[in-house]
Amino acid sequence: MNASTRSRAALGISAAFILFAPFVLSEFYVTLMNYIGLATLIALGLVLLTGVAGLMSFGQQAFAGIGAYATGVLTVVYGGSPWLGLAAGLAITGVVATGLGLITVRLSGYYLPLSTIAWGISVYFLFGNLEILGRHNGLHGVPALELAGWTLDTGRSFYVLIWPVTLTALFAARNLLDSRAGRAVRALRFRATMAESFGIDTARLKLLIFLYAALLASLSGWLYAHFLRFVNPSSFTVNVGVEYLFMAVVGGASQVWGAVIGASLLTLLKEWLKDILPRFFDQSGNYEVIVFGLLMLPLLHRARDGLMPIFARLTGGGEVAERPVLAPALTKRIRPVKGDALLEVEAVRKNFGGLAAVQGVSFEVRAGEILGLIGPNGAGKSTVFNLVTGVLPANGGSIRFRGTRVDTLPARRIARLGIARTFQHVNLVSNMSVLENVAVGAHLRGARGTVSAMLRFDRSEERRLLHEAASQIERVGLGDHLAEPAGSLPLGKQRIVEIARALAADPLLLLLDEPAAGLRLQEKQALAELLSRLRAESMSILLVEHDMEFVMGLVDRLVVMDFGEKIAEGLPAQIQIDPVVLEAYLGGQ
Ligand code: ADP
Ligand code: MG
């Protein structure tokens with residue numbers, strides 16, 4: 001059996017199990033599976049939020065609480081319909097999560113987890129203290145759901161609602177991760193600057209994921225309330241929030257199916273401990289919590305990426321990236337007329353504290369040329385590069401691209417105008433395939449968002465994006481590495497992947513920061529050939545380079561910087577014999 005048949009078989013067996021479980025299992029186990037389904041919904045939100053986007057939350061149980069209490073109050077206190085309760089719960093969660101997300105997702109380090117803990121604690125006390133919510137007794141007599149004339153008042157009948165909902169959420173999340181929007185989410189955790197440089201609005205995307213995770217939790221809370229038929233604050237303590245986070249991490253925080261594994265394992269383990277421990281200890285203590293915690297330690301230590309990778313290995317691994325099928329080419333920008341001024345940098349300045357890293361530098365890049373920006377280490381080249389691309393704000397001067405002022409725009413707006421870049425320190429998402437990394441470059445050439453990705457309405461656009469990415473990878477000569485994780489390539493090849501990613505944006509101006517660094521002689525020659533070929537196809541290139549030899553035979557003109565100032569400009573032949581340049585270079589070496 002090969003890997004993909006085995007993995008399909010595993011999925012088939014799981015699906016069959018979920019389908020037939022209510023017919024073969026006892027009511028007790030069906031109920032347990034219901035709890036697993038409810039927990040999976042919340043853990044799934046955490047997989048996306050924490051595992052993929054890197055935003056740690058201890059506050060998901062509070063959103064579940066909002067979903068549960070909203071329907072509790074509406075049905076018990078006001079006698080409303082549970083469906084109205086669902087709508088109210090989701091609406092309140094939506095508003096609260098958006099407000100909270102606007103404040104918190106921009107926080108970094110431990111501020112975010114701390115603020116979710118604070119949020120969780122305050123919501124818990126709110127539940128316990130409000131008269132209308134029944135204080136610590138909660139709300140009893142939540143009505144059973146009616147579905148097509150059928151009353152869902154047993155574990156078995158409720159199963160028919162919970163699992164289809166849970167599976168839908170799982171497939172939607174899987175679809176999301178495997179899309180234009182999903183690649184953007186996967187990129188923003190470790191490579192936010194890169195993502196912004198390719199037009200991705202990282203703050204908005206983080207907020208969307210935060211909102212989606214909150215809505216999943218709220219939905220789970222609504223189901224929970226109608227399944228248990230009562231609501232009380234003890235289901236929504238911060239402890240419970242920590243358990244959900246455990247589920248996501250133990251399952252495999254970055255993988256959708258990890259949520260099911262984590263939720264199953266922890267729910268069963270807790271149940272089993274509750275059953276077995278009282279035989280050894282006295283009946284009254286909550287020993288399961290202690291043993292549970294102690295079991296988590298070695299598990300997290302031994303399997304840092306959670307159990308999903310182990311499970312995937314047993315079942316034949318995940319999906320294997322392949323060369324995408326042929327698809328209609330994406331539309332391309334109209335190239336400017338050769339020789340026209342494309343980028344105009346005028347008297348631009350940048351200070352870092354007392355250090356004047358760039359002091360009034362001016363130059364222009366013309367359409368169809370390769371302009372080399374050279375200078376010794378620390379001359380200010382990368383800083384100029386970052387000013388042009390909007391990664392850093394300038395302290396003075398102006399930068400225009402095709403007549404538009406860009407020095408006041410954020411990186412993602414500049415990308416939209418047709419500037420694409422590589423990074424001096426390689427900025428690839430190492431666990432993503434070369435194909436997906438390059439497809440991130442084509443982000444702005446697609447338009448489909450998170451919702452169409454979940455519903456798979458994005459497939460034809462997605463094929464075109466992936467086909468474009470594959471073409472660029474072949475263009476730079478890395479066709480054989482398309483399916484490999486980008487991080488597994490040698491550094492020299494990773495730099496070339498960066499160029500392919502920039503080309504996938506269909507830029508009018510390509511900015512390369514030391515692309516030849518770390519390349520072997522042969523690779524340097526191949527790179528020079530590639531850049532010449534791009535110029536022949538009327539690409540304009542600003543090439544920042546430390547290696548004089550590499551640029552001499554390649555560029556049309558050179559600008560030389562030293563200590564933040566432009567010290568020379570001209571043809572390579574002139575620069576090569578310019579005494580000021582020689583002095584700077586030899587002195588700076
Ligand atoms: P180059 O790319 O030509 O080697 P850089 O533009 O990276 O030079 O750096 C120019 C000067 O600015 C150096 O002295 C460097 O130490 C300093 N510098 C660069 N980036 C920063 C930063 N983010 N904060 C403080 N100093 C910086
Ligand atoms: Mg540099």
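Here are a few friendly questions and answers about this predicted model.

Me: Which residues are the protein donors of the magnesium ion (ligand 2)?
Reply: Let's look at the atoms around the ion. The protein donors lie 2.0 to 2.3 Å from the magnesium ion, and a donor has to be within 2.8 Å of the metal. One donor atom is an OG and the other is an OE1, and they belong to Ser382 and Gln424.

Me: How many residues apart in sequence are the parts that this pair ties together?
Reply: Ser382 sits in helix H14 (residues 381-388). Gln424 is found in the loop between strand E10 (419-421) and helix H16 (434-441). The pair therefore ties together parts whose separation in sequence is 42 residues.

Me: Is Ser382 buried or exposed, or something in between?
Reply: Buried means under 20% relative accessible area and exposed means over 50%. Ser382 has a relative accessible area of 23%, so Ser382 counts as partly exposed.

Me: What share of the protein's residues count as buried?
Reply: Here we step back to the whole protein, which has 23 helices and 14 strands. Its C-alpha atoms fill a box of roughly 90 × 55 × 45 Å along the principal axes. Of its 589 residues, the share that counts as buried is 53%.

How values were computed:
Residues are numbered from 1 along each chain as its sequence is written. Chains are lettered from A and ligands numbered from 1 in the order in which they are written. This is a predicted model: local features need pLDDT of at least 70, side-chain atom pairs count only at pLDDT 80 or more; totals for chains, interfaces and linings use all residues. Side-chain values use heavy atoms; hydrogens and water are left out. Donors are N, O and S atoms within 2.8 Å of the metal (3.2 Å for Na, K and Ca); water is not among the atoms, so sites may look incomplete. Helices (H or I, at least four residues) and strands (E, at least two) are DSSP runs, numbered from the N terminus. Buried means under 20% relative accessible area, exposed over 50%, partly exposed in between (1.4 Å probe, protein chains only).
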